[in-house]
Amino acid sequence: MNSTPLLRVDGLTKTFRMYHLDSMLHAFEGVSFDLHEGEFLLLRGHNGAGKSTLLRTIWRSYLPVGGHVWYRSNHGDIDLANAADVDIALLRREEIGFVTQFLNARPRVAAQDIVAEPLLLAGTSQPEALDQARHWLDQFGVRPELWRAYPSTFSGGEQQKVNLARALILPQKLLLLDEPTASLDVGARAALVRRLSDLKAQGVAIIGVFHHPGDVAQLIDREINLNTKVVADQSEEEDNVAL
Amino acid sequence: MSLDMSPAALDRAAPRLMRAEPLLTMRDISKTYGDVRALRHVDATVYPGEVMGIVGESGSGKSTLLRMMNLEDTPDSGDYTLRLPNREDGNLFDLTRYERRMLCARHIGIVYQNPHLGLLMKHSSSGNVAERLLIAGERSFDVLRAKAREALDASEFPLSRMDARPIELSGGMQQRVQLAKAIALEPALLLLDEPTTGLDVSVQALVLDTLKRLQRDRKITMVLVSHDLGVIRTMADRVMVMRHGEVVEEGLADQVFQDPQHNYTQQLVHAKL
């Protein structure tokens, strides 16, 4: 493993300002950790502890109010917390993936086209992109008769399978997972764990929030408990580091 | 390559990864109509291949800004540059009326909310597209016809109706003719002023899907004005929020909608159904 971290989160702090209530909501403060290539970090904590907020702050859907998120990109080192929007957009296209539990289904776009889109944007030919899209839809258990249908009418579970196929079709350097197994059946969960295991073996670093962490127990290297702010190494519990 | 974690490095301004220069740069644009300050010191930057959304309430200045981008009007102050091949940078507001017309015909396409502004309603649909090509210097009838056909097809306009006049077409079809006219010369910049407002929901979805496909396949840079936050959220990579002629917030589309920083943006997002 490369000893230089892929990601160094340093003193990251997020507060929401709510004008209509004339108040501030403190999500988390001073979170710090390192993440290396091929590592799987689990975020733990009770509801409202800030797990999803931390993921979204690293992804930059939420703007941090303090701290740094140093990331080793293919283009150079960059602080995601303070990077220009166009740089964040570039990294989202090429290196960093974010998987939520909800599919952003566009009207009148077929499932296979939604899944193929990241490949098309990356320059893959249409036939090749569609072939891969069908492969991953199949892997996640979406029936072939649904591949050309519009997911806006699918069940929540079927939509989530399309969502995962799209999110994981293009290998990234860093994956952020926000409860990706919610609403999945057993077969799709197994397919997701297989895919994450392959990606991890390829060096993809993963930070995840899981409603049932047991789903991915064999993949977890370390975890952070956002209630106590303690980092726990799965293999060396005595090395716990207070944040 | 390594992460430099020294305090000096941590304090250093974040380096830029994006190598591309902006396609569109506007600096300090202000415009007053009588007593109304339509635009106040507006800056705008749009990068190649991205969709920039502009949202705001009626009268916020978003359509005025779009008209400035289309060189239909001149601000009281401010600079506007487009980075185009074989063209030196310079303030486009310094161009003559003829130069503006030629530059827009070749490099900028526009789709208006009102098709009457963008189309000759009593000419054929293919003729409307061909008119754009004529202004840019194309003279061969066969080439005009072929290019008009190709642009209409790319805009998902039924070719069996290409000789119908826009006045005979539905609103959604008229928008497709406008779109075909706008993309006929593969513009560097496509301006969209409320392109789906007034269309019923299913037709709106068709037009948005066509725009998304054009943006993906042809890498056309777009500026999209809409008061419909759902349309902006579906289409835009980045968003500018305007109010009273000023840009009050700018950011990645998901950030602006999920974590709005300005009081007005929060009101706008919370008011969305």
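Two strands are taken to pair if DSSP finds at least two bridges between them; helices (H or I, at least four residues) and strands (E, at least two) are DSSP runs, numbered from the N terminus. The model described here is predicted: local features need pLDDT of at least 70, side-chain atom pairs count only at pLDDT 80 or more, and totals for chains, interfaces and linings use all residues. Residues are numbered from 1 along each chain as its sequence is written, while chains are lettered from A and ligands numbered from 1 in the order in which they are written.

Strand 3 (residues 51-55) of chain B pairs in the parallel sense with strand 8 (residues 238-243) of chain B over four bridges, and here Met52(B) stands opposite Arg238(B). Strand 3 of chain B also pairs with strand 7 (residues 221-225) of chain B, again parallel and over four bridges, with Gly53(B) opposite Leu224(B). Five of the five residues of strand 3 of chain B are buried, a residue being buried if 20 or more other C-beta atoms lie within 10 Å of its own, exposed if 12 or fewer, and partly exposed in between, with C-beta atoms placed from the backbone. Both faces are covered, with Val51(B), Gly53(B) and Val55(B) on one side and Met52(B) and Ile54(B) on the other.

Elsewhere in chain B, Thr32(B) sits in strand 1 (residues 24-33). Thr32(B) counts as partly exposed because it has 14 C-beta neighbours inside 10 Å. Leaving aside residues up to four places away in sequence, Thr32(B) touches Arg37(B), Ala38(B) and Asp76(B), where contact calls for C-beta atoms, placed from the backbone, within 7 Å.

Turning to chain A, an open sheet of four strands has the order 2-1-4-5, with antiparallel pairing. Strand 2 (23-35) and strand 5 (76-79) of chain A are the edge strands, each pairing on one side only. Strand 4 (residues 66-73) and strand 5 of chain A are joined over four bridges in the antiparallel sense, and Trp70(A) has Asp79(A) as its bridge partner in strand 5.

The two chains also meet: 29 residues of chain B are in contact with 33 residues of chain A. On the chain B side, helix 8 (201-218), strand 9 (246-252), helix 10 (253-258) and helix 11 (263-271) each supply at least two residues. Helix 8 of chain B gives the largest share, four residues.
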